[in-house]
Amino acid sequence: MAADAQQTPQQQLDEQLRSFEAALPDVADEPGLYELQVRFLGKNGAVTKLRRLMGKVPPSERKELGKAFNRVKQAMETHLATRAGELAAAARERDLARRVDLTFIPDPPRPGTLHPITQTRRELERVFRRLGFDVADGPHVEAELYSFDKLNILPDHPARDMQDTFFIERPTHLDHADAPALVLRPHTSPVQARTMLQHGAPVRIVAPGTTFRRDDDATHSPMFHQIEGLYVDRNVTMADLKATLYAFVEAFFGRGLGVRFRPSYFPFVEPGAEFDMQCPFCFDGQLSHGCGLCKQSGWIELGGSGMVHPAVFEHCGIDSSVYTGWAFGFGIDRMAMLRHGIPHLRHNFEGDLRVLEQFTSP
Ligand code: DAH
């Protein structure tokens, strides 16, 4: 209602109170109530504006006007509080009246699946456990001591670059002499050193896990996975190594795929050998004829292996005149791809559910 110039400020206040009271029953919820409060009592509210008239009335009328103002304001506030209570009670009534079917399942829950690499790691563990191996573990942030020195990779050895290692800066708050030099482990081989130092000989373990190198292209990822194997006892020979790896390939890939060694060099083994298996993709039951996957060679490189170097035994407290042993280190990611038919390495690490959901957990 437009303010009538003839009305006294008190009358205008009462007018506002009436229109407030008229609007109140239509307020249906809390935001509505708040809106009403702002409209009348807010900074630019109708009542607040009228209060500004105080300065304009003669001093003799000011007291009366102040009283009228307080009366109207208080009346409105009481109304607001009462209405708020009513609204809350009504909301509660509605809540209580609502029936909820607690047995109703809107969408069947989607069980997650294990990542294909996790599945592969677990399958590998199963296979090697059946062959009599324990499963060992080691830290991802690893001492240089275990990553290199204990493995006969000397400080100036080119293998340290060969690994393309992520070196970790020493924490500045530690005394440099006491702070161990750390790396993101570039291979799972440090678990060999840890296991021998902790358990001595004989020992038979595999150590699958995450590894890191400064490699990033279509066929390399800076984070990847390996599985390390170590078998130390009296009279262990390279023949045991080949037999074990053959049994592993048979158990993991099936189908009588052939395996082979190629002489190679790794500082922690002597002799050392690369280990290959026939490509399962172009294998006809006897020969692998070559395909894109094996770069037409018919062979897939699984990794390195060999007889544990006597120097490694000495570094790890094992008497090399009594014990011999072998070790291997294979990449897991390619095995997962071969096993599950994953065409690109990047699928392994993108976390794309459309890809990952295709691999139901065993
Ligand atoms: N650690 C080696 C690498 O990452 C792989 C390897 C080679 C591991 C020979 C072994 C081994 O245990 O005997 O390149």
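A polar contact here is a pair of N or O atoms within 3.5 Å. The model is predicted.

Start with the overall layout. The protein is divided into domain 1, residues 9-94, and domain 2, residues 116-359. The C-alpha centres of the two domains lie 78 Å apart.

Next comes the sheet. Strands of a sheet pair through backbone hydrogen bonds, either parallel or antiparallel. Inside the order, β6 and β10 pair in the antiparallel sense over eight bridges. Asp 233 has Thr 324 in β10 as its bridge partner.

Now turn to the ligand. Which strands each supply at least two residues of the shell around it? They are β6 (223-233), β9 (299-308) and β10 (324-331). By class, the shell has five nonpolar, eight polar and two charged residues. Of the 15 residues around the ligand, the nearest are His 187, Ser 189, Arg 213, Gln 226 and Glu 228.

In the side chain of Ser 189, an N or O atom is 2.9 Å from a nitrogen atom of the ligand. His 187 also places a polar side-chain atom 2.9 Å from a ligand nitrogen. Phe 328 uses its backbone: a polar atom there is 3.3 Å from an oxygen atom of the ligand. Taken alone, the ligand exposes 350 Å², and the protein buries 92% of that.

How values were computed:
Residues numbered from 1 in each chain as written. Predicted model: local features only at pLDDT ≥ 70, side-chain atom pairs only at ≥ 80, totals over all residues. Heavy atoms only, no water. Near = heavy atom within 4 Å. Polar contact = N/O pair within 3.5 Å; in protein donor to acceptor, adjacent residues only side chain to side chain. Areas by Shrake-Rupley, 256 points an atom, 1.4 Å probe, with all protein chains shown as cover. Helix = DSSP H or I, 4+ residues; strand = E, 2+ residues; numbered from the N terminus. Nonpolar A, V, L, I, M, F, W, Y, C, P; charged D, E, K, R; others polar. Domains from an automatic or database assignment. Pairing = 2+ DSSP bridges.
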